[in-house]
Amino acid sequence: MAIFLRSSVSKSKLVFSLSKIVTPITSVKLSTCNLEYIITEKVGEKQNVGLVKLNRPKALNALCDGLVTELTEAVSAYDTDDSIGAIVITGSERAFAAGADIKEMLDKTYSTNLKMGLLKQWDNLSKCKKPVIAAVNGFALGGGCELAMMCDIIYAGEKAKFGQPEIVIGTIPGAGGTQRMIRSCGKSFAMEVCLSGNQISAQDALSRGLVSKVFPPEKLLDEAIKLAEKISEHSPLVVALCKESVNYAYESSLSQGLKFEKNSFYGTFATDDRKEGMTAFIEKRKPNFSNN
């Protein structure tokens, strides 16, 4: 949820933050003409990767309402675009997203938060059925860290900094910081991060399981796109089932998760793509998946 940066960036605006498969997001056609806070682009050799770049540099990509609205709409649009197999969210080399815009939150009250559903639109990001990769350079603090954790995979630049410093400004994470951190890193480390407000280096994040891989900053985005292209080679239908099964482990016991996985595995045998994949393997050729 909320956060701010220390003295090195204190002149910038104070800033802030954001997966279980549920009902598909309503189809949205994104108009790139009116985007103020993000840049969207189809990338990759086959143009099958949806790239969303947070673009509010003067505020270190502070997650204001306008930015979050544009981001959720962009992810929704890519989720319903058959030409896209995976999505990459990134920021600048200096900041993925340094937090939420504190000025927007300063005068809010408990009752207005309940009535308006503060941060509720963030939930739409976790409804995306396609894999979402966070490519994190620079600061990912408060809401920025929560946004990264809402993604399915996190790649980090060597100078990336993660953290949940809401405690420093008299509040707590509100978009998953206390819930997702513990599932990735364990109770003790999550408590330390959330209660101290200390920042985590990319190397610590890697050793704790918060991120998958760490790269030099200049190579980070290319590597994230490469991974997205690899994922996009597979059956979109089966990729969605696999993502759902992994996410189910977050909210179930082992026995429930194993049962869910087995049922999903059996379900793939009702698809054309399972038949095509196995046939291609036996025939020693590349599969031609139809998303059916």
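How many residues does the largest nonpolar core have, and which of them have the most contacts inside it? In this predicted model, the core has 47 residues. Those with the most contacts inside it are Leu54, Ile89, Phe96, Val136, Phe162, Met181 and Leu210. Helix α1 (residues 65–79) supplies the largest share of this core, 6 residues. In soluble globular proteins, nonpolar side chains tend to be buried together.

Take Ile89 as a case. Leaving aside residues up to four places away in sequence, Ile89 touches Val52, Leu54, Leu71, Val75 and Phe96, and also Val132, Ile133, Ala134, Ala135 and Cys151. Another core, of 16 residues, lies apart from the largest one. Its members include Ala135, Ala224, Ile225 and Ile231.

Now the aromatic rings. A pair of aromatic rings is described by the distance of the centres and the angle of the planes. The search of the whole structure finds 4 aromatic pairs. Two of them are set out here.

| Pair | Centre distance | Plane angle | Class |
|---|---|---|---|
| Tyr155 and Phe215 | 5.0 Å | 55° | tilted |
| Tyr248 and Phe260 | 4.1 Å | 10° | stacked |

The tilted pair of Tyr155 and Phe215 links distant parts of the chain. Tyr155 sits in strand β7 (residues 153–157), and Phe215 in strand β10 (residues 213–215). They are 60 residues apart. Both Tyr155 and Phe215 are buried.

Why is the pair of Tyr248 and Phe260 called stacked? The planes of Tyr248 and Phe260 stand at 10°, and stacked applies to planes under 30 degrees apart. Tyr248 belongs to helix α9 (residues 236–248) and Phe260 to helix α10 (residues 254–268), so this pair ties together parts that are 12 residues apart in sequence. Tyr248 counts as partly exposed, at 31% relative accessibility. Phe260 also counts as partly exposed, at 21%. The cut-off for buried is under 20%. Elsewhere, Phe265, Tyr266 and Phe269 form one aromatic cluster.

Is Thr271 buried or exposed? Its relative accessibility is 10%, so Thr271 counts as buried. Thr271 is found in the loop between α10 and α11 (272–282). A polar atom of the Thr271 side chain lies 2.6 Å from the backbone oxygen of Thr268. The Thr271 side chain also reaches the backbone nitrogen of Arg274, at 3.1 Å. Not counting residues up to four places away in sequence, Thr271 touches Leu237 and Asn292.

Notes
Residues are numbered from 1 along each chain as its sequence is written. This is a predicted model: local features need pLDDT of at least 70, side-chain atom pairs count only at pLDDT 80 or more; totals for chains, interfaces and linings use all residues. Side-chain values use heavy atoms; hydrogens and water are left out. Rings of Phe, Tyr and Trp (its six-membered ring) pair if their centres lie within 6.5 Å; planes under 30 degrees apart count as stacked, over 60 as edge-to-face and the rest as tilted. Helices (H or I, at least four residues) and strands (E, at least two) are DSSP runs, numbered from the N terminus. Buried means under 20% relative accessible area, exposed over 50%, partly exposed in between (1.4 Å probe, protein chains only). A nonpolar core is a set of buried Ala, Val, Leu, Ile, Met, Phe, Trp, Tyr and Cys residues joined through side-chain atoms within 4.5 Å. Contact means heavy atoms within 4.5 Å. A polar contact is a pair of N or O atoms within 3.5 Å; within protein, one must be able to donate a hydrogen and the other to accept it, and residues adjacent in sequence count only if both atoms are side-chain atoms.
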